[in-house]
Amino acid sequence: MEQIKLRGIKKSYGKEMAVQDVDLTVNPGDFLTILGPSGCGKTTLLRAIAGLEEPDEGEIQFGDRIVFSRKQGVIIPPENRNVGFIFQSYALWPHMTVEQNVTLALKEKKLSSAEVESRLKNSLEMVQLETYRKRYPSELSGGQQQRVAVSRLIALQSKILLMDEPLSNLDAKLRTEMRAELKRLHRELEATTVYVTHDQTEALTLSDIVVVMNKGLVMQSGTPYDIYHHPDNIFVAEFIGDPQNNFFKGQIVEKNGQLHLDCQEIVFPMKNRYSSNSRKVIATVRPENINVSFQEQKDWFKVTLKSVQPTGANTILQVKLGTTKITLLQPEFIRMKLGEPLWVSFDPESLNFFDEETGKNLHL
Amino acid sequence: MSKSQLTYFYYKLVNRPHLVLGSVCLLILGFLVLTPLLEIIKDSLSVQSYDIAYLPEADIGEFTLFHYERVFTGPLSKALLINPLLNSIGIGICVTLIGVSIGTILAWLIVRTNIRYKGVFGTLAVVPYMMPSWVLALAWLSLFKNDRIGGAEGIFTYFFGILPPNWISYGFFPIVVCLSLHYYAYGYLLMSGALASVDSELEDAGAICGMNRRQRMLRITIPLLLPALGSAIVLTFIRILGTFGTPALLGLPVRFYTFSTQIYASLNASNNGDAYVLALVLIATAITCIWINGRVLGVRKSFVTLTGKGFRSREIDLGAWRWVATSGVALFLAATVFLPLMILLWESLLIVPGDYHLENFTLEYWIGDGSIDETYGEPGVFQSDNILSSLWNSIKLGLSAAFFNGIIGLLVGYAVVRGRGHLLSKWLEGVAFAPYIFPSIAFGAIYIGMFSTSWGPVPALYGTFTILVLITVVKNLPFTSRTGIAAMLQIDKSIEETARVQGIRWIKRMVRIVIPLSFSGLVSGMLLTFITAMRELSLIILLISPSNMVLTGLLFNYNEQDMSQHAGAVTLLLTVIIITGSILARMVSGGFGLSALKNG
Amino acid sequence: MMEIYMKNDSWFICRRFYPVVFLVFFLSLGSAFAKPEPPPEMQAWLKKAELGPYEPIKENWDAIVKKATEEGEVIVYTSSGRIQKLVKPFAKFYPGIKLTVHDLGSTKSVVKTKREQQAGIYNADVVTTGNSGQVIHEMLNKNLLVNYVPHHFKSRIPREYREPLLIRVNEAVVFFYNMEAFTNGSPVTNIWEFTESRFKGRVGMKNPMSSGSTLMAVMTLIQHPEEMAAAYKRYKGVDIKLSDGVPDAGYEFWARMLKNDIVIFKSGSKLAAASGKKGQKKPLLAFANMTYIARNDSKGFVNAIVQDLDPVAKLLYPTFTAIARQAPHPNAAKVFTAFVLGSTKLNKNSKLSKPYTKGASSDLLLGLAPYFDPGTRSPRNDVPSPEGGEVWDEMQEWHVDSYFMWKQGARIRDFWIQHSSM
């Protein structure tokens, strides 16, 4: 199990800065996901680790081995980095059978034919494609093709696995299945994995560490829990979470000896620990952390129902408090008529406050 | 430079095999292609030995603008430059219009409608291109010559008793007809490829918006085809400007001179000054056409991207017109393909040329042993050592040139496509295309000088078979580099990247992955080279020696000595071989390559 | 700046001199110009090959043949396709020497030789081609060729046919007419009749821009303006009126022929067929190589030669043969040169019968055999005239001087380009 270390990675294409200045450490055996909208630089970073892109500056290390260093003038070519890479399109060679697709690289490594055969058998078994040995990629379904790509990795026994949105071409059901398969693979191979996706569900379910990127910069790096519950900045708070987070802009005021966030229509109580100078703040609260009651409650806010979206296990409710829109998430299948009243309240513990100018979490 | 900077630079190179490849190709090609050009320019600006007649005081080699003044402003400029140029441009425009139209219509009928016998038509449609271009001209003369050039009667006169007027038999009209019927194949090839790639869904979208069929054709289909159409027009036009055989044959009797005949005449007289200035005008015209094409099309290099998914191509039902169209195409192909070949065959069977009575027929010229004295005792085609050895040389030349050119075209395509965006890639693309606009005859003359000495490890190549192959490869590089580029564009870079990441080195990647996947592109490039090499003459005429004599050289001699039966038989043989080669190539490439895999 | 080249008046100012000195030049071609000294490599080769200034006083022919057999090969660049026919006969007489023929046509033989030598390639042994201007002034006088006459033939070949360069055969350009159509003999007696409207589009010639022999014939007429003018006066009774920009009667003839829509041919044999084929209603008259008269036998043509034509009926066209500089097989080249001149056993009394290329006749004629026809003459004075060859001696003959050809070639080409384009 190897550690991957990136230091000071910068990459631009012409005038565009794809990666601005990224430091990243992937601990041995970790499953790290790089998550972000398209154009954020995640794929560039992944390809840089593989050696398919050359950063303008920085350093990349696998364990003790320097594979890239601008300062020292080292660029180990991808052929020698010994990583496993799954492409979004799987990149199977269409003129070769499944067997040939898996073994071509093995034969390069001068293994005995017995060894090659055993690795082939093993890897196909692990993805349940033993009977498809002699088939051509055009004769396989999307899911099967993906599994062939995976079995290539298994056969090569790489210790570092890089995956570039490998599930995005699959239908929803298959995607869920394959998610589990990939995680299992990571554990069985005892590899260090870097996974790139724009799908946060994948990121949150699969990863040990999630790195959120935007416009070439790392927005936050942490466990799925931290990312979700303690976003470092507004971007992360907004990007993570489905349905989306609720945002309330307002000002800090003192009332009755306690600090409140005054968002005009709603006033949030704050803990008195606040000591910063800023006055303009944004509060976020997750839809599922808002308390909902169908009966009138004291000191709760009354809201009107605007839309109901049952999703099976949950229901998403869009309500309005005056002019403010709020999204609620309730853990049951709710049937309600629009316009019906509801009452909501906010638990101070679940609120996050961000400086409106810097976007940073005030950690109150 | 510090050590780390050096090693960094080294690694950057190692990581970019296409860059190394591209630079090597550029250097070699630059030498092979640009040196002749530079020499042409230099010689056009310096006094040549021929000029001593006009400039008795001058030293050979000194700088002069004499040639340019003479060609552009002197009293001869009308005869040397202006009239022939206007003639060539006139022919060029007409042939391009007619030829590309025919090619497009044919392509549309065969690719997009439900016409019958598509397979047969598709194969036959390119056959006229496989025959040397002057075969049609010879056939025309056999059919329509009148008594202006005397001799035996034309076939038309033989059967109908009327003499065609001069303007039908010679000059502008027959030149345009014959060239159109030969070069429509360019238009056909380019447009059929483009038409096959236009996704029906794009047209359906138009239908949903309420466009009728005519509107869809005008507003959607045709604009999508514009890049291919533009290419077809430019390529055809440039080719016509430089074409020599047909205008010489049909123009001379009525003193209709074209640009190429003037260049050829000047070179013949060793008047290099005139010849090179004219050649440069030709090259400049060609470059202008390419530039105009680029500006008109703008950034739209190609609209026919292969997304690999959701591709449907629906046939248009011609309804009642189906049989009309089918018979129309059949008749057309019969006239342009079989008729000239029939006439050649007929001619080769006559004892006395021009006498079409049955008693005059004989197989002597095919299998005889040379007892007929008129033809200097030359035995029939299958008995003649001369012909058989020339045939073998032609095939050798064709195959070697095709093989090397295919590989080089592929490598150039690889370097250009993988290096897209860099200056090197653009230059390489340009240099690889440049030979297309050079007149062949000038190329040949200059290569004698270039290869008379050794270059490093390469010995002097003059007089060897190697130089024939070399010059044929260079002249056909425009074709193979285009097909190479097209084939490479089809291969997504991830296919190669996954191999890199798995540890497969460059050579193995090329051999096991890139080449097999671009195989059909490779083969079509090779095929084009084979066809042109087999028909080539003006390129190699100065470089061949008797031991390397090729079939076209022999043909040239037969025509000079008016041995029309042998000429006809040999031409027929040549054409049959070319056609056979093409069919074999089709069969071989049909079983491999991306297209087969997409359908398989 | 560079206006010296072609003002209209300078055309004939220079040219007027030449008819005056023409005779002098023609007779003293050999000593007319000082050739530059051959360069050292060539000197060394000349010495070894015993050629040029190093020719021995007395040749040892057997030794030469022996050396030639050791050399084993002779490579010939020729303008005439018939040389190819000599491969088998040559092999019969000299079994150890392989004859390789490059049949290139008149212009390419010169171009290829020049280009090769310029590039330092010495591939050719023998170059045989016409066009005296090019061959003598561009090649011989520039040391691309060296003249060689086998000693045993020197006495049998008149000086003017072996100096400054050996002539292999003399040919001629004449006018043909069709015997079937013109049953009363030649339709013309004066050359200017061809320029009349009744022959508009009915006269054919080879393209002088690509045919060396035709160009030479054209230039021959141009070199005799006074005779042409006199012939015109005899025909029309008045002085000739020259067209705009045409300097004299020689040029005028061709200007008028072009205006009279003379038909240009690429191939000589097609031209001969155009005038000679039987069964034509309106056959052309042809300005063609006299050698094509032989096709009356081989192809059944009915060509006849215009024998009496004012001022000239026959325009001479010699084909030279010389050894190329630094030839790789100089002795084989010498042997080949002797071969093309015919056997030493050949003399005025030899009995020769058709077909000349076979049997005893071939053994006597050797390299002359394919050329033995009424339209071609050996330079030797001891060769019998071929069957039907008396006509050659009976025709008025003109030549063109090689210096004139060389100096005026460019201008005449320009004249032709300009007038044939109108």
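This is a predicted model: local features need pLDDT of at least 70, side-chain atom pairs count only at pLDDT 80 or more; totals for chains, interfaces and linings use all residues.

**Two helices of chain B**

I would like to begin inside chain B, where B:Ser394, B:Leu397, B:Gly398, B:Leu399, B:Ala401, B:Ala402, B:Phe403, B:Asn405, B:Gly406, B:Gly409 and B:Leu410 of H18(B) meet B:Leu522, B:Gly525, B:Met526, B:Thr529, B:Phe530, B:Ala533 and B:Met534 of H24(B). By class, the residues of this contact between H18(B) and H24(B) are 11 nonpolar and 7 polar, with no charged ones. Two residues are taken to be in contact if their C-beta atoms, placed from the backbone, lie within 7 Å, and Ala, Val, Leu, Ile, Met, Phe, Trp, Tyr, Cys and Pro count as nonpolar, Asp, Glu, Lys and Arg as charged, and the others, Gly among them, as polar.

Residues are numbered from 1 along each chain as its sequence is written, and chains are lettered from A and ligands numbered from 1 in the order in which they are written. Helices (H or I, at least four residues) and strands (E, at least two) are DSSP runs, numbered from the N terminus.

Two packed helices are described by the angle between their axes and the distance between the axes. For helix H18 (residues 385–418) and helix H24 (residues 519–535) of chain B, the axes come within 8 Å and cross at roughly 145°, where axes are lines fitted to C-alpha atoms, for helices over the stretch in contact, and angles run from 0 to 180 degrees between N-to-C directions.

**Where the chains meet**

Which chains have the most contacts between them? Among the 2 pairs of chains that touch, the most contacts are between chains B and C. In that contact, 47 residues come from chain B and 53 residues from chain C. On the chain B side, helix H3 (66–72), helix H4 (77–112), H14, helix H20 (440–450) and helix H25 (551–560) each supply at least two residues, and by class this side has 24 nonpolar, 15 polar and 8 charged residues.

Let me stay with H14 of chain B, residues 259–268, for a moment: 10 of its 10 residues are buried, so this helix is largely enclosed by the rest of the structure. Among the buried residues are B:Phe259, B:Gln262, B:Tyr264 and B:Asn268, a residue being buried if 20 or more other C-beta atoms, placed from the backbone, lie within 10 Å of its own. After H14(B) comes B:Ser270, whose phi is positive, near 60°.

The contact between chains A and B takes 26 residues from chain A and 27 residues from chain B. On the chain A side, strand E6 (74–75), strand E7 (83–86), helix H2 (98–108) and helix H4 (142–156) each give two or more residues, and the largest share, 3 residues, comes from H2(A). The residues on this side of chain A divide into 15 nonpolar, 5 polar and 6 charged. Chain A and chain C, by contrast, do not touch, and their nearest C-alpha atoms are 48 Å apart.

**Two sheets in chain A**

Chain A holds an open sheet of 5 strands in the order E14-E13-E12-E15-E21, with antiparallel pairing. Strand E14 (267–269) and strand E21 (352–355) stand at its edges, each with a single partner strand, so one side of each is left without a neighbour in the sheet. Two strands pair if DSSP finds at least two bridges between them, and E12 (residues 246–255) and E13 (residues 258–262) of chain A pair in the antiparallel sense over 5 bridges.

Another open sheet of 5 strands in chain A, also with antiparallel pairing, has the order E16-E20-E17-E18-E19. The edge strands here are E16 (290–293) and E19 (324–330), each pairing on one side only. Within this sheet, 6 bridges join E17 (residues 301–310) to E18 (residues 315–321), and A:Thr304 stands opposite A:Lys320 in E18(A).

**The two parts of chain C**

Finally, chain C is divided into domain 1 (30–169 + 318–386) and domain 2 (172–316 + 399–420), with bounds that come from an automatic or database domain assignment. Their C-alpha centres lie 30 Å apart, and the contact takes 16 residues from domain 1 and 17 residues from domain 2.

Note on methods: A residue is buried if 20 or more other C-beta atoms lie within 10 Å of its own, exposed if 12 or fewer, and partly exposed in between; C-beta atoms are placed from the backbone.
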